[in-house]
Amino acid sequence: MPDKIDWHCTPEEQCPTGVVCEYGSLDRIDVGADCRADAKRKGWERRCRDGGPSGGKEVFCPLGATGNWTMRRRPVKDVPDSVEVPEAEATNTNPPQDAGPATLPPEPPRSTTNSCAVGNAGLGAVWLVLAFTLLRRRRS
């Protein structure tokens, strides 16, 4: 997965003017909290994260700053060079003011049996088996 940004989590690849902040917790102390707060105060964005849930590092960059790595763009297929707008739509681009609220498509019908009903049926079957077992023991 060479296009995944977290595989390129260095200041050189993201932005040379950025800052690397650690994250995680050590003896209930939030590691790197001051660094992350300072980056957010400056209005910088978190570009990437290298590590797991228990700790690692994050790279913060100024908005618009770039490094020596850029995400490869995937080609967009079947995009025409120009789009022709029919004459009726070209003259009236604004909807009428009295059109009212937009309507949503109807929801598909919902099942009348919910998961609780199925669970209760299973519980009833368990009670039935238990009752038959107890009756067999009494007769023996």
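Reader: Let me start with the sheet. In what order do the strands of the open sheet come?

Author: First, a caution: this is a predicted model, where local features need pLDDT of at least 70, side-chain atom pairs count only at pLDDT 80 or more, and totals for chains, interfaces and linings use all residues. Residues are numbered from 1 along each chain as its sequence is written, and side-chain values use heavy atoms, with hydrogens and water left out. Now the general idea. Strands of a sheet pair through backbone hydrogen bonds, either parallel or antiparallel. Here the open sheet has four strands in the order β2-β1-β4-β3, with antiparallel pairing. The edge strands are β2 (29-30) and β3, each pairing on one side only.

Reader: What counts as a strand, and what counts as a pair?

Author: Strands (E, at least two residues) and helices (H or I, at least four) are DSSP runs, numbered from the N terminus. Two strands pair if DSSP finds at least two bridges between them. The protein has four helices and four strands. Read from the N terminus, the elements go α-β-β-α-β-β-α-α.

Reader: How many bridges join β3 to β4?

Author: Seven, and β3 covers residues 45-52. Arginine 46 has phenylalanine 60 of β4 as its bridge partner. Aspartate 50 stands opposite lysine 57. A hairpin of two residues connects β3 with β4.

Reader: And how many bridges are there between β1 and β4?

Author: Six, between residues 19-26 of β1 and residues 55-61 of β4. Cysteine 21 is partnered by glutamate 58. Tyrosine 23 is partnered by glycine 56.

Reader: How many bridges do β1 and β2 share?

Author: Two, again in the antiparallel sense. Leucine 26 faces isoleucine 29 across the pair. Their hairpin has two residues between the strands, and aspartate 27 there takes a positive phi near 55°.

Reader: Next, burial. Is valine 59 buried or exposed?

Author: Use the cut-offs: buried means under 20% relative accessible area, exposed over 50%, and partly exposed in between (1.4 Å probe, protein chains only). Valine 59 sits in strand β4. Valine 59 counts as buried because its relative accessibility is 0%. Of the 140 residues in the protein, 16% are buried.

Reader: Why does lysine 57 count as partly exposed?

Author: Lysine 57 is also in strand β4. Its relative accessibility is 24%, so lysine 57 counts as partly exposed.

Reader: Which residues touch lysine 57?

Author: Contact means heavy atoms within 4.5 Å. Not counting residues up to four places away in sequence, lysine 57 touches Cys9, Thr10, Val20, Cys21, Glu22, Tyr23, Cys48, Arg49 and Asp50. Look at cysteine 9: it is 48 residues from lysine 57 along the chain, yet their C-alpha atoms are separated by 8.5 Å. Across the protein, residues 24 or more positions apart account for 62% of the contacts with a separation of 6 or more.

Reader: Which residues make up the largest nonpolar core?

Author: The general idea: in soluble globular proteins, nonpolar side chains tend to be buried together. A nonpolar core is a set of buried Ala, Val, Leu, Ile, Met, Phe, Trp, Tyr and Cys residues joined through side-chain atoms within 4.5 Å. Here the largest core has six residues: Cys9, Cys15, Cys48, Val59, Cys61 and Ala65. Beyond its neighbours within four places in sequence, valine 59 has contacts that include Cys9, Pro11, Val19 and Cys48. On the same terms, alanine 65 contacts Gln14, Cys15, Thr17 and Arg47.

Reader: Last one. Which residues line the largest pocket?

Author: On a 1 Å grid over the protein atoms alone, a pocket is an open set of points where a 1.4 Å probe fits, with protein on both sides within 12 Å along at least five of seven lines; lining residues have an atom within 4 Å of a point. Here the lining is Ile5, Gln14, Arg47, Ala65, Thr66, Gly67, Trp69, Thr70 and Met71.
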